[in-house]
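Thanks for coming, everyone. Let's take a quick walk through today's structure.

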Amino acid sequence: MVAVPSLFSLRHLLVLSLALNVSLILRALYHESGEGNKWWFCFKKKMMADAESWLAISSTPSLHNSTREKVINLDHGDPTMYERFWRQMGDKTTITIPGWQSMSYLSDVSKICWFLEPEFATEVVRLHRVVGNAVTEGRHIVVGTGSSQLILAALYALSSPHAAEPISVVSAAPYYSSYPSMADYQKSGLYQWAGDAENFDKEGPYIELVTSPNNPDGYRRKSMVNRSQGLLIHDLAYYWPQYTPISSPSDHDLTLFTASKSTGHAGMRIGWALVKDKEVAKKMTKFIELNTIGVSKDSQLRAAKVLKAVSESCEQENHQNGESFFKYSYNLMAQRWKQLREVVDAGDMFTLPQFSPAFCTFFGKETEPQPAFMWLKCVDVEDCETFLRGHKILTRSGRQFGASPKYI
């Protein structure tokens with residue numbers, strides 16, 4: 001006789017028996033009453049949901065009084081910490097879009113990026129001028145559904161359809177954990193992920209993704225390969241004064257920015273590229289056209305309103321009692337890093353990156369880098385992600401960034 005596994009206690013068998021009997025009774029009632037399927041479906045769905053919920057709780061020994069175990073999920077970033085500022089702004093960033101507006105695919109056919117809303121383009125240029133973090137003169141603006149779409153558009157634009165093999169895509173470790181999957185997800189014949197830029201020694205053309213300040217460790221970055229056939233994509237999502245000192249306007253061939261990191265509006269799904277080469281801008285636009293037939297006009301109009309509010313808060317700060325967005329966000333980040341360092345320094349289990357202050361042209365004083373993420377190292381633990389998971393803290397392993405598992 002086969003023994004019943006200990007997982008199924010007498011209580012479980014009783015609940016199962018009860019569920020089966022109730023199901024049979026309800027089925028009989030359904031056929032006798034002649035009621036429609038809608039009543040039966042709703043009632044059955046409710047009963048099954050209640051039964052599944054009860055079984056899930058009763059079969060987990062560590063759960064007590066119907067309270068599930070809680071975990072701290074630090075694996076994904078979500079920039080809602082700026083919500084308080086935007087609530088204080090009231091109606092300054094509220095827009096009304098009539099039903100007849102934004103119906104056309106087209107925005108400005110005189111521009112290479114024909115779906116770029118002029119109002120959004122104007123505010124992008126204005127914000128970079130106010131902050132002083134990017135050169136916009138002599139650049140074509142390409143708008144995308146977040147910088148993720150723009151990265152793929154840039155890879156497409158910089159690749160040659162006539163090459164004998166896919167062009168290599170590299171980035172210095174620790175690199176943004178999504179770069180490898182973004183490069184290889186579609187198994188494109190145009191490009192492929194080739195790993196850590198510091199170890200790249202293949203001859204021929206390549207594309208290097210330069211993230212500065214870097215995600216995840218927060219350090220400023222430059223190109224690592226430095227060969228004549230290299231094509232560079234500068235991902236400057238975090239080159240804003242709340243995260244790092246602004247030293248000078250970035251002046252590169254292809255630079256990416258995103259609203260999710262600059263203002264915290266991740267849900268708008270808006271990013272933009274500043275592109276020097278006309279043909280590259282055309283190919284990026286073509287990719288987005290084939291991918292999504294443009295970018296939401298509603299999101300662009302909302303983003304324009306938000307960027308305008310940011311610029312105005314900076315320009316009016318010295319004339320009014322209000323606080324600029326970047327001053328608010330800088331102080332918030334400074335407070336969080338102060339608390340984080342105090343906790344880490346109180347023990348000897350973890351270490352954090354150390355940064356040197358530098359002069360910030362935006363604030364007109366020395367400031368210290370305070371990245372959006374913490375690059376934490378376990379001192380005496382080889383697998384930091386597994387160790388913290390055991391303490392109900394979910395993180396992203398250093399392996400996913402091309403680094404040691406001692407980091408998360």
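**Charged side chains, one by one**

Start with glutamate 208. It touches Val170, Ala197, Lys222, Ser223, Met224, Val225, Asn226, Leu231, Leu232 and Ile233, leaving aside residues up to four places away in sequence. Keep in mind that this is a predicted model. Glutamate 208 sits in strand E5, residues 206-211. It is buried, yet it has no salt bridge. The nearest side chain of opposite charge is arginine 221, 7.0 Å away. What does the side chain of glutamate 208 reach? The backbone nitrogen of methionine 224, at 2.8 Å.

Now the salt bridges. How many does a search of the whole structure find? It finds 14.

Take arginine 126 and glutamate 123. Their closest N and O atoms are 3.5 Å apart. Both residues lie in helix H4, three residues apart, about one turn of the helix. Arginine 126 counts as buried because its relative accessibility is 17%, under the 20% cut-off. Glutamate 123 is buried too, at 8%.

Next, lysine 202 and glutamate 165. This salt bridge has its closest N and O atoms 3.1 Å apart. The pair links distant parts of the chain, 37 residues apart. Lysine 202 is in the loop between strands E4 and E5. Glutamate 165 is in the loop between helix H5 and strand E3. Lysine 202 is partly exposed, at 30%. Glutamate 165 is partly exposed as well, at 45%.

Last pair: arginine 399 and aspartate 383, 3.7 Å from N to O.

Key. Residues numbered from 1 in each chain as written. Predicted model: local features only at pLDDT ≥ 70, side-chain atom pairs only at ≥ 80, totals over all residues. Heavy atoms only, no water. Helix = DSSP H or I, 4+ residues; strand = E, 2+ residues; numbered from the N terminus. Buried < 20%, exposed > 50% of the residue type's maximum accessible area, 1.4 Å probe, protein only. Lys, Arg positive; Asp, Glu negative; His and termini not counted. Salt bridge = Lys/Arg side-chain N within 4 Å of Asp/Glu carboxyl O. Polar contact = N/O pair within 3.5 Å; in protein donor to acceptor, adjacent residues only side chain to side chain. Contact = heavy atoms within 4.5 Å.
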